[in-house]
Amino acid sequence: MPQISRSLQTKLGQIGINNLDELMAIGYLEAFSRLRLFLSGISFKELFILYSLIKQIEYKDLTEDLKSDLIKEFRKLPPRHKPLSPETINNYLTIAEELAHQAKSASEIPIGAIIVENNQIIGRGFNQTRSHNDILAHAEIQAIREAQDFKQNFRLNDCDLYVTIEPCLMCSGAIINSRICRLIFGAREPKTGACISQFQIFNNSNVNHHCEIIGPVDQDKYSQLLVDFFQ
């Protein structure tokens with residue numbers, strides 16, 4: 001690969017990019033995203049080098065304004081994280097489902113949520129709005145509070161939230177403000193869902209944090225929890 005250090009060439013090879021033609025086919029943003037996702041020690045300098053290679057211009061000719069624009073362009077991309085296996089998703093959603101059944105046993109709307117960091121559950125919650133006389137006591141909020149207490153930090157940047165039902169606007173706002181990196185939900189909530197149903201808050205480019213969304217994972221299974229409760 002011309003005009004590229006052996007170090008960067010090796011890194012690109014590790015993510016399946018072996019020559020300039022392959023790099024140009026993928027594009028500088030996608031190539032840089034993959035580098036950041038799978039390798040450590042990747043800085044924005046690699047983004048600038050990739051851009052200069054694809055555009056066939058000298059790295060030294062890149063202006064500071066152009067570099068700033070490239071960083072802004074990258075930061076507008078949806079978040080990328082190492083993919084979760086279906087087994088991992090199902091295992092954690094099953095735990096959230098167990099919490100939903102606890103809510104049902106307490107005559108609460110059956111929604112359960114957990115927060116996971118580095119394969120450890122650090123927050124659990126289920127709906128307790130009626131028992132606590134607290135409209136804020138949704139499953140997601142309860143799990144977020146417990147996770148923040150565990151970490152002694154209101155930021156949950158490296159955490160995933162699993163919840164049986166698509167979050168509402170309030171809970172989606174809490175997910176954004178706590179900087180949760182990934183949201184996995186079991187079923188859509190057609191009346192109040194704020195991820196993909198009634199609103200798409202995480203797609204709003206003006207929001208200051210974007211969370212990766214996975215779901216609905218199993219619409220029939222997890223929506224049945226609510227159907228049975230309200231019958």
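Me: Leaving out residues up to four places away in sequence, which residues does H138 touch?
Reply: This is a predicted model, by the way. In it, H138 touches N127, T129, C168, M170 and C171. H138 itself is found in the loop between α7 (129-132) and α8.

Me: What makes H138, C168 and C171 a set?
Reply: The UniProt annotation "binding site" covers them, from an unreviewed entry. They span 34 residues in sequence, but no two of their C-alpha atoms are more than 9.4 Å apart, so they gather at one spot. H138, C168 and C171 also belong to the lining of the second largest pocket.

Me: Why is C171 called buried?
Reply: Buried means under 20% relative accessible area. C171 has 0% relative accessibility, so it counts as buried. You'll find C171 in helix α9, residues 169-177.

Me: And E140, how do you know whether that one is buried or exposed?
Reply: Use the cut-offs again: under 20% is buried, over 50% is exposed. E140 comes in at 4% relative accessibility, so it counts as buried. E140 sits in helix α8, residues 139-151, and UniProt, in an unreviewed entry, places the feature "active site" there.

Me: What is E140 in contact with, apart from neighbours within four places in sequence?
Reply: Contact needs heavy atoms within 4.5 Å. By that test E140 is in contact with A113, L161, V163, I165, P167 and C171.

Definitions and conventions:
Residues are numbered from 1 along each chain as its sequence is written. This is a predicted model: local features need pLDDT of at least 70, side-chain atom pairs count only at pLDDT 80 or more; totals for chains, interfaces and linings use all residues. Side-chain values use heavy atoms; hydrogens and water are left out. UniProt positions are given in the numbering used here, feature names are shortened, and annotations may be inferred rather than shown by experiment. Helices (H or I, at least four residues) and strands (E, at least two) are DSSP runs, numbered from the N terminus. Buried means under 20% relative accessible area, exposed over 50%, partly exposed in between (1.4 Å probe, protein chains only). On a 1 Å grid over the protein atoms alone, a cavity is a set of points where a 1.4 Å probe fits but cannot get out, and a pocket is an open set with protein on both sides within 12 Å along at least five of seven lines; lining residues have an atom within 4 Å of a point.
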